[in-house]
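Hi,

Here is the structure I said I'd pass on to you. Have a look at it first, and then read on for what turned up.

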Amino acid sequence: MNQNPRLLRVDDDDDFRHIFAEALEQEGFEVTEIGDGAEAIRLARESTFDIAILDLQMPGIGGMELLKIFRAELPSTDCVMVTGHQELPLAIEAVRLGAKEFLSKPLNIGELVIRIKTIIRAHVAETRSKNLQAEFTSKLLHDLLTPLHSLKSAIEFLEHDISSKISDHHKKVFQGIESTISTMDALLNDMIDLSLFESGRVNIEKLPVNLDDLVPAITTRFMPRANAKHIELIVLVDDTTPTVALDPNKIEQVMQNLLDNAIKFTPGGGTIKIQVSPIEKLASGQKREFVEVRVSDTGAGISADELTYIFDKYKNLMAEKNSQQKTTGLGLTICKSIVEAHGGKMFVESIPGKGSSFSFLLPTD
């Protein structure tokens, strides 16, 4: 939260917008005003605002549509709706969609400032609470990793020191212990990554990257595993794929998770297809250009019930015990967080018994 809270005021009534902005600036708020919904979306994607004050009735993209976009793409920005009509159904709908306040014109500026300050205080308290919780969780997980690594080193030492004196059965026991420790280590690291994303403390370092080079290079490293199961890996990259600003290490983490799952759940003799291509999608009421990366397999597929929470971090708790499709821990949840941190979206399609297709979109603009 900035020392001077940043507000975005969106209203096509120029006179009212200017008066509104001046009054808020006098109270110490940093106000950016705009009269067009599409331009407001562009500004919000480029900058960070604490509160967006949205007029309900505007030509083009109206207040309700803006509210939906802000809640979907910019959840850290609280929204206040302003309308010239006192309509209870609209107020109820706005609150249901995530608005913090629903105000009717004519507005009393003094009352408005009080309400804005109240929202700011609540926002600060919520952010502080989330950060403290994330810091505690991260510290706890790191504290758990330390003895786990010590245990792993001790097991490796024992195994090496007495390797010539133990039976094959005992060797298998040691291997089982090491495998369990490795699983716990991976899970704890995934939980640390997720806690960082949820607290907003992950640093995304964007560089210009050619996905038509990055994706085939990552796929090549999975060739030995695929060949061992007689799985055909097919890589199709569109020649017109543009350069994208992204964090190569984070996107590599996404690709590794998707390819690892695809190989794990595809039976021998199956096929995995990796496709990279530019695509145009309607987003926030406007056509936008993306690069789509899709990983499709001919594996067991995922049931419709499981698809509804495939990206949920609590999916292991919600999955049925008799489910044939084993869930994949926190990996997919982290993948979704990485993609969304880049301003993209992640999707999944699946037909039980025929396979699954995971895809993600990265904006080129």
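Let's start with M255: setting aside neighbours within four places in sequence, this residue is in contact with V215, I218, I274, V293, V295 and F360. M255 is also one of three residues, along with L211 and F360, that touch the most other members of the largest nonpolar core, which has 40 residues. Helix 9 (residues 248–265) gives this core its largest share, seven residues. Another core, of 26 residues, lies apart from it, and I41, I61, M64 and L67 are among its members. Keep in mind as you browse that this is a predicted model.

As general background, nonpolar side chains in soluble globular proteins tend to be buried together.

M64 and L67 lead us to helix 3 (residues 63–73), where G63, M64, L66, L67, I69 and F70 are buried. What do the buried residues of helix 3 pack against? Their partners are strand 1 (6–10), helix 2 (37–46), strand 3 (51–55), strand 4 (78–83) and helix 4 (88–97).

Next, F222, which sits in the loop between helix 7 (211–220) and helix 8 (223–228). Is F222 buried or exposed? F222 counts as buried because its relative accessible area is 9%, under the 20% cut-off.

Beyond residues up to four places away in sequence, S337 touches L194 and F197.

For contrast, go to F136 in helix 5 (residues 109–161). F136 counts as exposed, since its relative accessibility is 56% and the cut-off is over 50%. Together with L140 and L144, F136 forms a nonpolar patch on the surface, and the three have about 300 Å² of accessible area together. On spacing in general, an α-helix has 3.6 residues a turn, so residues three or four places apart point the same way.

Happy browsing!

Conventions: Residues are numbered from 1 along each chain as its sequence is written. This is a predicted model: local features need pLDDT of at least 70, side-chain atom pairs count only at pLDDT 80 or more; totals for chains, interfaces and linings use all residues. Side-chain values use heavy atoms; hydrogens and water are left out. Patches are made of residues with over 30% relative accessible area and no salt bridge: like charges are joined within 9 Å, nonpolar side chains (Val, Leu, Ile, Met, Phe, Trp, Tyr) within 5 Å. Accessible areas come from the Shrake-Rupley method with a 1.4 Å probe; for residues, only the protein chains shown count as cover. A salt bridge is a side-chain nitrogen of Lys or Arg within 4 Å of a carboxyl oxygen of Asp or Glu. Helices (H or I, at least four residues) and strands (E, at least two) are DSSP runs, numbered from the N terminus. Buried means under 20% relative accessible area, exposed over 50%, partly exposed in between (1.4 Å probe, protein chains only). Contact means heavy atoms within 4.5 Å. A nonpolar core is a set of buried Ala, Val, Leu, Ile, Met, Phe, Trp, Tyr and Cys residues joined through side-chain atoms within 4.5 Å.
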